[in-house]
Amino acid sequence: MPDAPRHAGAPRRVLSIAWREFRTTVLTKGFLFSAVVFPLLMVGVSMLLPILMATSIQPMTGAILVEAPAAATDAMRAELERAAKDPATALRERVERGEEPELDDATTALTPIESPIEPIAADQVEAAKERVRSGDALALVIIPPASLDAQSKDPTYELFVATKTSPKHTSIVSRSVREAIVRLRVQASGADYQRTMDLLKRPEPNILRLTEDGTEAKERLEGRMLVPGAFMLLMWITTFTGANYLLTNTIEEKGSKVIEVLLAAVSPMELLAGKILGQLGSTAVMLGMYGLAGLAGLSALAMMDLVPISSLVLMVAFALTAYLMIASMLTAVGSAVTNLQEAQALVGPVMLVLIVPLMLWLPISENPNGAFAVVCSFLPPISPFIMVLRATGTSEPVPGWQVALSLAVSAASSVAFLWLASRIFRVGILMQGKPPTPRELLRWARYR
Amino acid sequence: MNASVVIQGVRKRFGSTEAVRGIDLSVPAGCLCGVLGPNGAGKSTTIRMLMSIIYPDQGSIRVLGSDAIAMKDRIGYLPEERGLYKKMRVLEYLAYIGALKGLSGSEGRRRALAWLERIELPGVERKRCEELSKGMQQKVQFIASVMHDPELIILDEPFSGLDPVNSRVLARIVTELHAGGCTILFSTHQMHHAESLCDRVVLINRGEKLLDDSLDAVRAGHRPTTVVARTDGPFEQAAAAAARVPGVASVERAEDGSVLAHAADRTDAIDLLAPLAATRLFSGVSLKRPTLDDIFVELVTAHGGHARQPEPNHA
């Protein structure tokens, strides 16, 4: 006679179910790619991006043929020499002048410039074009004398490059021509170029918000809108994906009739708890992987100051409550239907509610302490998303009591949602036939 | 003797359908009890209530002296609507169900392999469940219900869908488990299984219990109503002679060409033996003992037939 089995306690049974649920979800190609490989790729790309961009820099060689007054040619040569000698200063000067350099401008500024300026006469233009077309020269620049006139309202120039010429090199040549023309026009007007440039510097705003608790918070678009939005989106996508796995797995188990085998070994509550716990694991994997990818990206952009530890802790806490609420709803739906088509009819109303935080992203980011935002922070099941949107912004601190109350409301709602789902689950999981209406679902919750 | 299962006054209604109507049942420990009944009689509903998968509206149920929820590790259950995780490998599936029943992973795998040998399914442990035939899947499901050595085994239609060879294998194992001391309760509407395996039968029809007794007592309580008269001559002549015997209500031809003489109401079939023999047209006359099938049909017909109840929406 074999030794008697150990009696499985409820926690052990729940853990067995959770482990199976977790394994069957996580150890699939789809999950591994979307939740592990893809975020790792994102991390890799964010770390490799500067290296890749640096390696993409090609030195600018080949003569620049210039048909222009001698002063313009000299000015252009001076501009190119300045850019070649001290690219960082040249870039900074552009920023100070109010230009908005793009990400690509940094690598453009680092491009070694080895192209000589070669003046040509007006009758050599066609031959010069041929040299450019054949690759013998890098570019042909034609600056009309009128463009150097201080009185000219519409200065212009022509730049000819070959089809294969790098956009970065085109940009460098173009910028040096523009700078040369501006410099000469300012000088022609009798003004001092440097003084004029200084006068044209646009003041850098330093917007500070004076909060009710006496602090001053610096206004930053990334901190005010993008980071909270990213937090909320990350939370929304991962919790909804995890809960959606629960929905499909529950439908599959019900459809394959394995449910009654399981219910012979565990109670419906243990089954529900195990399933929700298992998918919580897969949700945590997704949240962790995408969170790390996001942090790696912010680190690469030197913006880690936008994500304090307190924001991460808050997001994890609210993500847990959000997951429990959404998972409860979708598991209840999954238990009540026999296929995905039937589920869609019941998931529709749930989605309508869950999409609200996405729609409120911009208005709440604009006014995170407005009455509407405050009220929404206490309305389950959207409360976790709204509070994360508000509390992770850097511009306007949210009162601590609101964060605590929202967390308490969300946690209590999670328990209530779990209880309601367990009531529906134990009835629905054995149900066959036509899918119930939402009203019938609520009636099941009252069954003995 | 202790009762493994005690059901008292249990009722269950699904909407307007009363699936179980005040059933009382006591299954002694060590008994091999067959729950018989036509489709829709309420057998599966009763069994699900036994397993605490659904709950009765009225009445009480005690399994192994307690609630089934508390005793799940000591009960083996093969549901009528059985399924497997299609993508799971057989050994992994059995180890998982074993874990839910309290077995450690290694013990679960060891027992699963031993059971696969015992049930004549060697070498399938690495296969995915979906790769097995329906009969093989059913055997795996059976293993899942007994691998934790339960005291009480409840099998809902265990033979449905099995071919004769696999039916025999399963019947042999059921008999062995019973001989080993298990209490076994199984439902079926195939009377020959009940007749060959059970020492006690319960008949349910339309949610009511019509019969609950040992197989011998059931047989003893249903006296023969038919005489088998073997003839070597022409059937028509013998049948006509038999029909003229006082007390014979009707005659018909048996498969082997014998005459089956059915006794009229209030006539004991034994009293027909001598008059039939006296016709000198038959080489032998004997009583035809009623089979469980006959008794089943008789009782169900007397109870208003087995008009199938509407399938409840609730499983």
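Hi everyone, let's start with chain B: of its 315 residues, 53% are buried, where buried means under 20% relative accessible area, exposed over 50% and partly exposed in between, with a 1.4 Å probe and protein chains only. Before going on, please note that this is a predicted model, in which local features need pLDDT of at least 70 and side-chain atom pairs count only at pLDDT 80 or more, while totals for chains, interfaces and linings use all residues. Residues are numbered from 1 along each chain as its sequence is written, chains are lettered from A and ligands numbered from 1 in the order in which they are written, and side-chain values use heavy atoms, with hydrogens and water left out.

Staying with chain B, its secondary structure comprises ten helices and 13 strands; helices (H or I, at least four residues) and strands (E, at least two) are DSSP runs, numbered from the N terminus. Its C-alpha trace spans about 75 × 45 × 40 Å along the principal axes. Taking contacts with a separation of 6 or more in chain B, 69% are between residues 24 or more positions apart, a contact being heavy atoms within 4.5 Å.

One residue to look at here is Glu120(B), in the loop between α3 (105-118) and α4 (134-146) of chain B. Its phi is near 65°, a positive value in a residue other than glycine, and at 43% relative accessibility Glu120(B) is partly exposed.

Now over to chain A and helix α3, residues 70-85. Which residues of α3(A) are buried? They are Ala72(A), Thr73(A), Ala75(A), Met76(A), Glu79(A) and Leu80(A). These cover an arc of only 165° around the axis, so they sit on the same side of α3(A); the arc is that of the directions from the helix axis to the C-beta atoms. On the other side, Ala70(A) and Lys85(A) are exposed. The cover over the buried residues includes β1 (63-67), β2 (117-119), β3 (137-142) and α7 (167-188) of chain A.

Two loops to finish. Lys257(A), between α9 (221-255) and α10 (259-263) of chain A, also has a positive phi, near 65°, and is partly exposed at 27% relative accessible area. Pro381(A) lies in the loop between α16 (371-376) and α17 (383-391), and a cis peptide bond joins Pro380(A) to Pro381(A), with omega about 5°.
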